[in-house]
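I opened this structure to look up a few things about its chain. My notes follow the order in which I checked them.

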Amino acid sequence: MITGYFIETGYFNPALTLTGGQAFRWRRLSDSRYFGIAGSRAVEIKCEKNGIRLFGVSDIEFWENYFDIQTNYKQIISCFSEDKTLRKACAYARGLRLLRQEPFETLISFIISQNNNIPRIAGIIERLCKNFGGRTAENHFAFPSAGVLADADLSAIGAGYRAGYINDAARKVQNGEIDLSLLYEMQIDEAKAELLKIKGVGEKVADCVLLFAYGKSTFPKDVWVKRALDRFYPEGLPACIAGYEGIAQQYLFEYIRNIKSEN
């Protein structure tokens, strides 16, 4: 008998969505099953034909928001398909979705991500949670709070120079200098200016936080995305992505990293 809560998403690609660099606390159990922790909530998911089935959860509204269920990806991809390159990128990265994560966890995760690779980022975050997050009722480690991290000695987690940035971000959030809850209603430029007050947060990290936590239409530019822009869009991005620039960026990011040639 099948149990769990089913969320209709259409085809869902867990490798690209969960372990491709948006979030760092997911691990693969099998081809169709993944386990993840968001904040203090843990979930196991099973990918099915038209969606995902969630096991061990009670807060369904949280997970529906986390998996961005309100966004119509079918309609967005239809718009993207007006552009030749994006049409190919969407076909290549079929089933990719953007996650909507908790702002503080996203901020700290992308501070850690600077000049780093995904396995190492995940390792640092895992040590951060084990050392400072505390155990949940399900005996997992929660993501630590700003109050805990503000003056924490982070030497044991292997974050290097990023440790000072983590402390600074946590202090600014803890003392109210930056209220992450207010960024939801701000325009992108205003919200980005708030994040740039944090030591070690530059344009790319700020754009990633605004995209992956707040769902704002930023366009983070790493080396791969810059290559895509130079190669396919030297005259500027196509009009068909207006309002969904962040989603387009993720498809282009996956596409440009993996193609070998383009006619």
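I count two residues as in contact when they have heavy atoms within 4.5 Å of each other. This is a predicted model, so I kept to its limits: local features need pLDDT of at least 70, side-chain atom pairs count only at pLDDT 80 or more, and totals for chains, interfaces and linings use all residues. Residues are numbered from 1 along each chain as its sequence is written, and side-chain values use heavy atoms, with hydrogens and water left out.

**Entry 1: the whole chain**

I looked up the secondary structure and found 12 helices and five strands. Helices (H or I, at least four residues) and strands (E, at least two) are DSSP runs, numbered from the N terminus. The radius of gyration is 18 Å, close to the 18 Å of the globule rule for 263 residues, so the chain is as compact as a globular protein of that length. That radius is taken over C-alpha atoms, and the rule is 2.2 Å times the number of residues to the power 0.38. Along the principal axes, the C-alpha atoms fill a box of roughly 50 × 50 × 35 Å.

I then asked what share of the residues is buried. The share is 51% of the 263 residues. Buried means under 20% relative accessible area, exposed over 50%, and partly exposed in between, with a 1.4 Å probe and protein chains only. The accessible surface comes to about 12,700 Å², and 47% of this belongs to carbon and sulfur atoms. The area comes from the Shrake-Rupley method with a 1.4 Å probe; for residues, only the protein chains shown count as cover.

Among contacts with a separation of 6 or more, 65% are between residues 24 or more positions apart.

The buried ones are Val 205, Ala 206, Asp 207, Cys 208, Val 209, Leu 210, Leu 211 and Phe 212. Their cover includes α5 (103–112), α9 (188–195) and α12 (245–258).

Next I took α4 (residues 84–92), where the buried residues are Thr 85, Leu 86, Ala 89 and Cys 90. They cover an arc of only 130° around the axis, which puts them on the same side of α4. The arc is that of the directions from the helix axis to the C-beta atoms. These buried residues pack against α3 (73–80), α11 (223–232) and α12.

Arg 94 sits in the loop between α4 and α5. I asked which residues Arg 94 touches, not counting those up to four places away in sequence. They are Tyr 11 and Asn 13. I also noted Phe 12, which is 82 residues from Arg 94 along the chain, with 7.8 Å between the two C-alpha atoms.

**Entry 2: two buried helix residues**

Ser 109 lies in α5 and counts as buried at 6% relative accessibility. Leaving aside neighbours within four places in sequence, I found Ser 109 in contact with Phe 24, Ile 121, Ile 125 and Phe 143.

Asp 168 lies in α8 (residues 162–174) and counts as buried at 11% relative accessibility. With neighbours within four places left aside again, the contacts of Asp 168 are Lys 197, Ile 198 and Lys 199.

**Entry 3: positive phi**

I looked for residues other than glycine with a positive phi and wrote down Asp 68, near 55°, and Asn 115, at about 50°. Asp 68 is in the loop between α2 (60–66) and α3, while Asn 115 is in the loop between α5 and α6 (118–132). Are they buried or exposed? Asp 68 counts as buried at 3% relative accessibility, whereas Asn 115 counts as exposed at 72%.

**Entry 4: Thr 136**

Thr 136 is in the loop between α6 and α7 (146–149). At 14% relative accessibility, Thr 136 counts as buried. Apart from neighbours within four places in sequence, I found Thr 136 in contact with Ser 40, Phe 141 and Ala 142. Finally I checked the separation of Thr 136 and Lys 199: they are 63 residues apart in sequence and 30 Å apart in space, C-alpha to C-alpha.
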